[in-house]
Amino acid sequence: MTIIRFQGQDFVYEAPRTVLESLAEHGVEIPSGCRAGVCQSCLMRCLEGEVPAGAQEGLKPALVAQKYFLACRARPSSDLTVALADAEGLRQKARVLAVESLNQDIVALRLKPERPLDYRAGQYLRLYRQADLSRCYSLASVPELDDWLELHVRRIPEGRVSTWVHDQLQVGAQIEIGDSLGQCFYTAGQEGQTLLLLGTGSGLAPLYGIVRDALAQGHLGPIWLYHGSFTVEGLYHQAALQRLAEQFPNFHYVPCVDRASPEAQSLNARVGTVLEAAVSDHRGFTRHRVFLCGHPDMVKEARLKIFLGGASMAEIHADPFLPSGT
Amino acid sequence: MSLYQQLGGEAAVNAAVDIFYRKVLQDERINRFFSGVDMEKQAAKQKAFLTMAFGGPNNYTGADMRRGHAHLVAQGLNDSHFDAVVEDLGATLKELGVSDALIAQVAAVAETTRNDVLGK
């Protein structure tokens, strides 16, 4: 007898149904659309057991790596524990190691979780101020390189979580974090491909992780990182990124600012948006793998331009930083 | 062999979806209907549409088609726009080296959805 465990309950599975059909028969409705493995509405994640063959067809490699699957295509032959794709999993405690200023608006928050967090560089997690007050922040750390989790928190005026991190959080404090989430990360397998990363503001955080992860995994193709800000003061981690560019000839760091200034010139920063700079540096994006993080308008515009410039939709990974009130 | 198999199945859909969506977004006759939509979600819908038009597995019903396009019909979606999509679809397949005979079959499948899409 095969069992599907979902939300702590066991359901008997009978072939040849799909996981979607089987749960529906037990009165558990999973969101679904085409039921033909195309629309991906019924995306679920396998927490324990083997992902049934064929249930991951058409999914991005990032999703496959994390054992996501389509419930409408899954016909398990052994027990499975499954969760909805957007379920946030377990929360855990973490200790504050450091709160370091990166520029006038952004701090790096370093945390040591109670138990190791299973994550990929570029993913994000939920940071809790209280049980019912939390925000999502991207991870700038890389599990294989860093002993801590690092988040870049931009001060939002009246932001109830960001001002708490900036003004009140002390080293040694115990706080709560959620599980790692998101599909914006590097997957090995195409070492020669060009990687193109565009970020604005604290959207650098996941890109900083992805770049270091890709280099550590031996990516050989060109890696272009464009970081944009209104002024030079808004840029950060320039020294570390420039060192990385000296160490790895295939890595190119391009700071971009909206307004020209002597400081911008001394940094070799480009004047204009990250997208303008990327478009002028690349003749089309046909073979590129693309990561976009930061301002939603930038992400939207860049996704359109880069797709029309030849990048495959499946190769464009995006993480728009959506506002969540205060 | 079914139409879907002759075209190359899911691999053919994957090869066609980017080309097709790019044509639609650049087609001045119809791209206004696609402005402001989530591109990733839209790409998944394009894939579902291509799978259906290629004669592949799908469970879309006429009612789904009507519901999914009603807001566009309210914005003026009409036969000329439907024709433009079918034309872009044909051009996509031509680019992929599909024969005229098979393209005609795909167009005929797409044609069966016209009244539902346009809410007639």
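Trainee: How many residues does the contact take from chain A and from chain B?

Mentor: This is a predicted model, in which local features need pLDDT of at least 70 and side-chain atom pairs count only at pLDDT 80 or more, while totals for chains, interfaces and linings use all residues. Residues are numbered from 1 along each chain as its sequence is written, and chains are lettered from A and ligands numbered from 1 in the order in which they are written. Two residues are in contact if their C-beta atoms, placed from the backbone, lie within 7 Å, and the contact takes from chain A 14 residues and from chain B 17 residues.

Trainee: How do the residues of chain A that touch chain B divide?

Mentor: Ala, Val, Leu, Ile, Met, Phe, Trp, Tyr, Cys and Pro count as nonpolar, Asp, Glu, Lys and Arg as charged, and the others, Gly among them, as polar. On this side of chain A, the division is 8 nonpolar, 3 polar and 3 charged.

Trainee: Which strand does β1(A) join in the antiparallel sense, and over how many bridges?

Mentor: Strands are DSSP runs (E, at least two residues), numbered from the N terminus, and two of them pair if DSSP finds at least two bridges between them. In this pairing, A:Phe6 has A:Gln9 as its bridge partner. The antiparallel partner of β1 (residues 2-6) of chain A is β2 (residues 9-13) of chain A, over 5 bridges.

Trainee: Which residue of β5(A) stands opposite A:Ile4?

Mentor: β1(A) pairs in the parallel sense with β5 (residues 80-84) of chain A, over 3 bridges. In β5(A), the residue opposite A:Ile4 is A:Leu80.

Note on methods. Helices (H or I, at least four residues) and strands (E, at least two) are DSSP runs, numbered from the N terminus.
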